[in-house]
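Trainee: I would like a close look at a single part of this model. Please take me through it step by step.

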Amino acid sequence: SSPAAIMSRLEAAMQRRDYRAALALLEQLPAPMRDAAAPVGAELRLHADADALIAELRARALTDSAAT
């Protein structure tokens with residue numbers, strides 16, 4: 001895929017808040033583009049980690065409520 005195509009898919013992933021997919025796409029960009037987007041990558045990681053934490057908390061809450 002061309003860098004333009006990757007960027008298009010990356011933007012779509014960000015719009016649908018699929019931060020893990022956006023990170024994977026960011027890694028597919030050529031090194032100069034990845035380097036330039038380093039701050040964005042850091043933000044995507046924070047969002048992806050927050051999403052994972054929320055999913056874990058939600059799963060725990062559902063498990064705890066099912067046990068009671």
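Which residues are buried in H4?

Mentor: Keep in mind that this is a predicted model. The buried residues in H4 include Gly41, Leu44 and Ala48. Start with the helix itself. H4 covers residues 38-67, 30 residues in total. From its first C-alpha to its last it reaches 43 Å. That is close to the 44 Å expected at 1.5 Å a residue.

Next, the cover. Helix H1 (3-15) and helix H2 (19-28) are included in what covers the buried residues of H4. Look at how H1 and H2 sit against each other. Their axes come within 8 Å. The axes cross at roughly 160 degrees. Angles over 145 degrees count as roughly antiparallel, and H1 and H2 are therefore roughly antiparallel to each other. The crossing of H1 past H2 is left-handed.

Now the side of H1 that meets H2. H1 brings Ile6, Arg9, Leu10, Ala13 and Met14 to the contact. H2 brings Tyr19, Ala21, Ala22, Leu25, Leu26 and Gln28. By residue class, this contact of H1 with H2 has nine nonpolar residues, one polar and one charged.

Met14 deserves a stop. It is found in helix H1. Setting aside neighbours within four places in sequence, Met14 is in contact with Tyr19, Ala22, Val40 and Leu44. Leu44 is one of the buried residues in H4. Tyr19 and Ala22 are in H2. Met14 itself is at 33% relative accessibility, so it counts as partly exposed.

Between H1 and H2 there is a loop, and Arg17 is found in it. Arg17 is exposed, because its relative accessibility is 61% and the cut-off for exposed is over 50%. Its backbone also stands out. Most residues other than glycine have a negative phi. Arg17 is not a glycine, yet its phi is positive, about 60 degrees.

Last, go along H4 to Glu56, which is found in that helix. Glu56 has a relative accessible area of 37%, so it is partly exposed. Two distances place it. Glu56 and Met14 are 42 residues apart along the chain, and their C-alpha atoms are separated by 21 Å. Glu56 and Pro3 are 53 residues apart along the chain, with 34 Å between their C-alpha atoms.

Gly41, Leu44 and Ala48 are buried in H4, and the cover over the buried residues of H4 includes H1 and H2.

Note on methods. Residues numbered from 1 in each chain as written. Predicted model: local features only at pLDDT ≥ 70, side-chain atom pairs only at ≥ 80, totals over all residues. Heavy atoms only, no water. Helix = DSSP H or I, 4+ residues; strand = E, 2+ residues; numbered from the N terminus. Expected span 1.5 Å × (residues − 1). Buried < 20%, exposed > 50% of the residue type's maximum accessible area, 1.4 Å probe, protein only. Contact = heavy atoms within 4.5 Å. Axes fitted to C-alpha atoms, helices over the stretch in contact; angles between N-to-C directions. Parallel < 35°, antiparallel > 145°, perpendicular 65-115°, else oblique. Left-handed = near helix turned anticlockwise from the far one by under 90°. Nonpolar A, V, L, I, M, F, W, Y, C, P; charged D, E, K, R; others polar.
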